[in-house]
Amino acid sequence: MALALKDTPNSFGLGSMLLHWIIALTIIGMYALGLYIDTLTYYNPEYQTIPAWHKSIGMTLVLLIALRILWRVINRTPKPIPQPKMLLSITKAVHLLLYLLPVITLASGYMISTADGRPISVFNWFDVPALPALIDNQEDLAGEVHYWVATLMVSLAGLHALAALKHHYINKDNTLIRMLRIPKETDS
Ligand code: HEM
Ligand code: HEM
């Protein structure tokens, strides 16, 4: 029987799962890479490679996250798993932030990198052009936003992961399973 690409009433489908896990792992890797960049000096040989990787992977994330938001809009996401009203509202707010904060992180990264008018080279394959700088002192301000928003996003993702584990091991409900086990077409 065919596996469901789209979400079903009781489970995420293969499309949402692949996008969720690829983006989650990439964001965590990008955070570590960003902190590492901060330790490099201009004279370090890695200064020529690691920031270029960070930016190229980041521009790939722009595409993946755009696809994810589009996929979310055209899918009927699974019904929420019953839990107290208060927790349901917190879950909703955290999920919304986990869609929003990556967008702000990517936009601020773009604004740091293009503040001096230079385009972003993506894997030495093609260039993403720079827009004219929008604000004074753009590189420094965007740098602050980039760091703090990325840190908030990764901290929330940590909380979110702990909540998923709590659902699995303490509430013993389907929350984590339905982001991991691909449903069959007929479940929809
Ligand atoms: C940076 C990392 C992550 C981001 C940005 C992220 C983002 C999201 C978002 C936006 C949703 C909501 C999906 C929707 O209803 O449209 C979601 C759901 C989910 N995530 Fe993550 N996530 C991350 C990491 C993780 C990790 C590490 C775990 C695991 C332990 C996890 C487990 C889950 C589960 C189980 C759901 C489904 C929740 C439900 O059914 O209501 N996520 N994630
Ligand atoms: C979700 C994706 C991303 C994450 C999690 C992330 C995370 C980080 C972190 C934690 C830092 C270190 C900041 C500091 O210590 O001050 C950093 C630096 C940097 N990031 Fe990102 N980043 C992402 C995407 C991007 C993108 C798309 C670009 C540009 C195209 C970019 C460009 C930069 C640059 C140029 C720096 C060095 C800034 C400086 O030294 O002030 N980042 N990033």
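The shell around ligand 2 is made up of 13 nonpolar, 7 polar and 2 charged residues. Please keep in mind that this is a predicted model.

**Around ligand 2**

In total, 22 residues surround ligand 2, and the closest are G34, D38, H54, G109 and H146. Which element gives the most to this shell? That is α3, with 6 residues.

Is H54 buried or exposed? H54 has a relative accessible area of 14%, under the 20% cut-off, so it counts as buried.

H54 places a polar side-chain atom 2.8 Å from a nitrogen atom of the ligand, and for H146 the distance from a side-chain N or O atom to a ligand nitrogen is 2.7 Å. The elements giving two or more residues to this shell are α1 (14-37), α2 (50-74), α3 (85-113) and α4 (138-171).

**Around ligand 1**

Now to the other ligand. Ligand 1 is surrounded by 18 residues, the closest being H20, R72, Y99, H160 and R178. Its shell divides into 11 nonpolar, 4 polar and 3 charged residues. Helices α1, α2, α3 and α4 each supply at least two residues of it.

Here the iron atom has H20 and H160 as its protein donors, again by their NE2 atoms, at 2.0 Å. Why is the arrangement called octahedral? The 6 donor atoms around the iron atom of ligand 1 subtend angles of 85 to 180 degrees, and this makes it octahedral. H20 lies in helix α1 and H160 in helix α4, so this pair ties together parts that are 140 residues apart in sequence. H20 counts as buried because its relative accessibility is 13%, whereas H160 is partly exposed, with a relative accessible area of 25%.

| Side chain | Ligand 1 atom | Distance |
|---|---|---|
| R72 | oxygen | 2.5 Å |
| Y99 | oxygen | 2.5 Å |
| R178 | oxygen | 2.9 Å |

**A charged pair**

How many salt bridges does the structure hold? There is 1 salt bridge, and it joins the side chains of R118 and D116, with an N to O distance of 2.9 Å. Side chains of opposite charge can pair when their charged atoms come close. R118 has 55% relative accessibility, over the 50% cut-off, so it counts as exposed. D116, at 44% relative accessibility, counts as partly exposed.

Definitions and conventions. Residues numbered from 1 in each chain as written. Chains lettered and ligands numbered in written order. Predicted model: local features only at pLDDT ≥ 70, side-chain atom pairs only at ≥ 80, totals over all residues. Heavy atoms only, no water. Near = heavy atom within 4 Å. Polar contact = N/O pair within 3.5 Å; in protein donor to acceptor, adjacent residues only side chain to side chain. Helix = DSSP H or I, 4+ residues; strand = E, 2+ residues; numbered from the N terminus. Nonpolar A, V, L, I, M, F, W, Y, C, P; charged D, E, K, R; others polar. Donors = N, O, S within 2.8 Å, 3.2 Å for Na, K, Ca; no water. Tetrahedral: all angles 85-135°; square planar, octahedral: opposite > 155°, others 65-115°. Buried < 20%, exposed > 50% of the residue type's maximum accessible area, 1.4 Å probe, protein only. Salt bridge = Lys/Arg side-chain N within 4 Å of Asp/Glu carboxyl O.
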